[in-house]
Amino acid sequence: MTENTVSEVERMVITRVFDAPRELVWKAWTDPKYVMQWWGPKGFTAPVCQMDFRVGGKSLLCMKTPDGQEFWNAIEYHEIVLHEKIVSSMYFSDSKGNKVEPETLGIEHEAIDGAYDVTLFEDLGNGQTKLTHIGNEPMESAKNSGQLEGWNQILDKVAAVVAELAQAK
């Protein structure tokens, strides 16, 4: 794993505008029953999602590949501003939430030392919300590893969940 410092590297940033109020986008992003519908790229499922969504809390998620392989992630929450911002750190883990180095899973992951993931929810008015996710890896690495494409697929799935929530409202 290559270590970089926060100030010297362009971080992975991905944005999406949803045709839904900010509260619905927030709900889709933070409610385990909805997270299970979008966690992981296209074709992946999320059979497990345990969330303790509070500052100091931790979530444990399982991402299952189309061929049945399981990858676990844990997320620790450092800052939560209701309907506005989530600052967290996500890492690969075992099924108990213990940290696992990505290399042991055959995954190349370049983290930026000291960088957290930041997800912002911006009310654009007219019932639209802009979600911005700033990852803890360099943009170049995210492009090369396919992670950026994976996040685009994830946001497509989030959009479907948000559309369903908006319709049900």
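Residues are numbered from 1 along each chain as its sequence is written, and side-chain values use heavy atoms, with hydrogens and water left out. Because the model is predicted, local features need pLDDT of at least 70 and side-chain atom pairs count only at pLDDT 80 or more, while totals for chains, interfaces and linings use all residues.

Rolling a probe the size of a water molecule over the atoms shows where empty space is left. A cavity is a set of points, on a 1 Å grid over the protein atoms alone, where a 1.4 Å probe fits but cannot get out. Grid points are joined across faces, edges and corners, and the volume is the space filled by probe spheres set on the points. By this rule there is one cavity of 30 Å³ or more, and the largest cavity has a volume of about 190 Å³. Its lining (residues with an atom within 4 Å of a point) comprises 17 residues, of which W29, W39, I75, Y77 and S88 are the closest to the centre.

Helices (DSSP H or I, at least four residues) and strands (E, at least two) are numbered from the N terminus. At least two lining residues come from each of α1 (22-30), α2 (32-38), β5 (70-81), β6 (85-93) and β8 (117-125); β6 gives the most, with three residues.

One of the pairs, W26 with F53, is edge-to-face, at 5.8 Å centre to centre and 70 degrees between the planes. W26 belongs to helix α1 and F53 to the loop between β3 (45-51) and β4 (58-64), 27 residues apart. W26 is buried, at 5% relative accessible area, whereas F53 is partly exposed at 25% (buried means under 20%, exposed over 50%, partly exposed in between, with a 1.4 Å probe and protein chains only).

The rings of W29 and F121 are likewise edge-to-face, because their planes stand at 80 degrees, with centres 6.3 Å apart. Since W29 lies in helix α1 and F121 in strand β8, this pair ties together parts 92 residues apart in sequence. Both W29 and F121 are buried. Ring pairs link W26, W29, W38, W39, F53, Y77, F121 and W151 into a cluster.

Technical notes
On a 1 Å grid over the protein atoms alone, a cavity is a set of points where a 1.4 Å probe fits but cannot get out, and a pocket is an open set with protein on both sides within 12 Å along at least five of seven lines; lining residues have an atom within 4 Å of a point. Rings of Phe, Tyr and Trp (its six-membered ring) pair if their centres lie within 6.5 Å; planes under 30 degrees apart count as stacked, over 60 as edge-to-face and the rest as tilted.
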